[in-house]
Protein chains: 2
Amino acid sequence: MAAHRSATMADVARLAGVSVATVSRTLSGTRAVDPAMQRKVTEAAAELNYQVNLVGRALRQTRTSTVGLIVPDLENPYFSALAQQLARAFSAPGIDLLVFSADGSLETEARGVRSFLGRQVDALVLIPVHEQLSEASVAIAAAAVHTIQLDRHVPGTASSYVGVSNRAGMRLVRDHITECVDLDAQPVVYVGAAPGSSSAHERLDGVRRWFSPEVPTLLGDFSAAWGREAAARLLADGWEGATIVTAADIIALGVVSHLLHQGRSIPGDFRVIGFDGVGAVALAHPSLTTVRQPVEEMAQSIRALIESDEEPSSRWFEPELVLGATSPASGSELSG
Amino acid sequence: MAAHRSATMADVARLAGVSVATVSRTLSGTRAVDPAMQRKVTEAAAELNYQVNLVGRALRQTRTSTVGLIVPDLENPYFSALAQQLARAFSAPGIDLLVFSADGSLETEARGVRSFLGRQVDALVLIPVHEQLSEASVAIAAAAVHTIQLDRHVPGTASSYVGVSNRAGMRLVRDHITECVDLDAQPVVYVGAAPGSSSAHERLDGVRRWFSPEVPTLLGDFSAAWGREAAARLLADGWEGATIVTAADIIALGVVSHLLHQGRSIPGDFRVIGFDGVGAVALAHPSLTTVRQPVEEMAQSIRALIESDEEPSSRWFEPELVLGATSPASGSELSG
DNA sequence: CTGTTAGCGCATTCAG
DNA sequence: CTGAATGCGCTAACAG
């Protein structure tokens, strides 16, 4: 188990017969050191099984080579995909990405912010839990460190933002659907998420804008359970034959699952469209027609934003439509 | 963006007209402080927007109220479910769980260990990337701090372990299958993962032990892509009608997806069994028959292990069978 | 190129 | 109950 007391630079210096400064310079490689001493230091360090104490280093320096990421929920495959891509993007420049889950709670989110700020992270990437109520946390973070909001954003805070153009994504959905579906016989229903996050908000906006302000709408949360429940309600309310646009793949997954369980066919009886296009969810059967977010580019963009310590700036990426088996092939319905 | 320099305890002390010691005692609540001064301190702290510097505190104290978790891959829904449960378990006792992804790489895993040790975490939870090759990392971790291996373990290291009895899980699968499937007409094929991790190893062992040492076996990795590929090979090699036991839900998902795409029916033409029973994957359609791991109990067990600073010890949990629609109802085949 | 020294921010002795 | 002083482990100035 735990060693009694781990070796310190002073220990290494003593054993190697040099000063602590030489040890520091040798191990961090900040300055040239005589090869002979260098060897003695590395040997002594190895013998004592020395590990740098990053806490001491962090206290002395300003930077920690650490970036914090706070996600609302690790079980949402879209967020874990983002986390994974970010970790990969920061790996090459030697920056550690530390992930903290807010577990859907504003209090836990605030705790995460305090925790990362207290740890002196170089930058903080934050997927806010709530569009308005996360404002305090975002403001505290942005006041102390370079903060980048990801995927969702709280309006009016002076921090950077990286995300996808949700309205444009819904426009892609509209273009695809109008091309292959008879909207009179198979009207659109939106199964979305209540506008507590900007992404939920904007996707709902997009649907109303590109289809119609009166699109029938069921709003819940970003979960498969909600998708199932919504599908059950649609069947109960006589929405047989609808074209179901959803706010996320994970919702779409629940919708598809319930409909198939109830003996409906897709895309025969119903059509279902997802959003995100990322992670294992996208591998569902039948394959989901969805709007794919370019998560890899988004992660790289965040890395670039942090490395070049510029002014806070925002970047919206363009999503793309991915055709699957939950919607008819383009043109099939109208030309058939 | 970043403030020029954040307020320190000395700043607060100056503004409140007291000593830094009083500020420290007031804010951490370690000792009784005169209510009048207490008020002055809290007001000064609020005015300066003071945030404790955890780096300074960590350097002074031994503990950091932080536990590190290293996962091989965040995109695997089983690992992110574990991470989520652990975060939740540690939330109540006021411990921050910081997650680091090894991204499937031994080097990154080693970096994560060094990083967390350097940050003076109170304990380290580690899901090793590889059964043998992660040994060095585990040993380094265990020598410095209370280390708990999770789900997978490296043999011969003196650290704690929490996981599920994989062989018992496969026994549940055997019991279920022998009850409802005619194994002569619908022989078992195992689609597993190459034994690089102890879980892959033990599940393969279990299949060979409870079914037969000669069970036909395809080994890949823990991914849906591998499941698809394996299914394609089974079809190509004439394994029509097989009962497919897999090493993980995520593999089973790929298998099911490919088979359905190729027009096969489940559980008519093929039967598919998963393993893990956790996360969105478990919500697939058709619902997966799988072996569920008690992740919540496992997370609580780890918390308990860390709080009571005992000897390194191991705990194996018993998994349970969850019936889904990818296998026939019990008894249906043999009695029908 | 190397050694000595100071101080990052904090919690904790030890006096009072 | 409060304040002054010490040092956690490290790196950056500075002087040699």
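Across the interface of chain B and chain A in this predicted model, 25 residue pairs are in polar contact, with both residues of each pair at pLDDT 80 or more. Let's start with that interface and then turn to the DNA.

**How the two chains meet**

The contact draws on 61 residues from chain B and 63 residues from chain A. About 5300 Å² of area is buried between chain B and chain A, and carbon and sulfur atoms give 55% of that area. Charged partners take part too: there are 6 salt bridges between chain B and chain A. One of them joins Arg111(B) to Asp96(A), whose closest N and O atoms are 3.1 Å apart.

Which elements of chain B give two or more residues to the side that touches chain A? They are the helices α4, α5 (77-91), α6 (106-118), α7 (135-144), α10 (224-236) and α11 (249-261), along with the strand β2 (96-101). The largest share of this side, 7 residues, comes from α5(B). Sorted by class, the side of chain B that touches chain A holds 31 nonpolar, 19 polar and 11 charged residues.

**How the two copies are related**

The same surface serves both copies, as 100% of the contact residues of chain B recur in chain A.

**Where DNA strand D sits**

Now for the DNA. Around DNA strand D there are 25 residues, and the closest are Met9(A), Tyr50(A), Arg57(A), Thr22(B) and Arg60(B). Of the atoms of DNA strand D that come within 4 Å of the protein, sugar and phosphate account for 65%. By class, the surface near DNA strand D has 11 nonpolar, 7 polar and 7 charged residues.

| Residue | Protein atom | Atom of DNA strand D | Distance |
|---|---|---|---|
| Asn53(A) | backbone N or O | phosphate oxygen | 3.0 Å |
| Gly56(A) | polar backbone atom | base nitrogen | 3.1 Å |
| Arg57(A) | polar side-chain atom | phosphate oxygen | 2.6 Å |

Both chains supply elements with two or more residues on the surface near DNA strand D: α2 (20-28) and α4 (54-60) of chain A, and α2 (20-28) and α4 (54-60) of chain B. The largest share of that surface, 4 residues, comes from α4(A).

Methods: Residues are numbered from 1 along each chain as its sequence is written. Chains are lettered from A and ligands numbered from 1 in the order in which they are written. This is a predicted model: local features need pLDDT of at least 70, side-chain atom pairs count only at pLDDT 80 or more; totals for chains, interfaces and linings use all residues. Side-chain values use heavy atoms; hydrogens and water are left out. Contact means heavy atoms within 4.5 Å. A residue is near a molecule or strand if one of its heavy atoms lies within 4 Å of it. A polar contact is a pair of N or O atoms within 3.5 Å; within protein, one must be able to donate a hydrogen and the other to accept it, and residues adjacent in sequence count only if both atoms are side-chain atoms. Ala, Val, Leu, Ile, Met, Phe, Trp, Tyr, Cys and Pro count as nonpolar, Asp, Glu, Lys and Arg as charged, and the others, Gly among them, as polar. Buried area is the accessible area (1.4 Å probe) that two parts lose on being put together, summed over both. A salt bridge is a side-chain nitrogen of Lys or Arg within 4 Å of a carboxyl oxygen of Asp or Glu.
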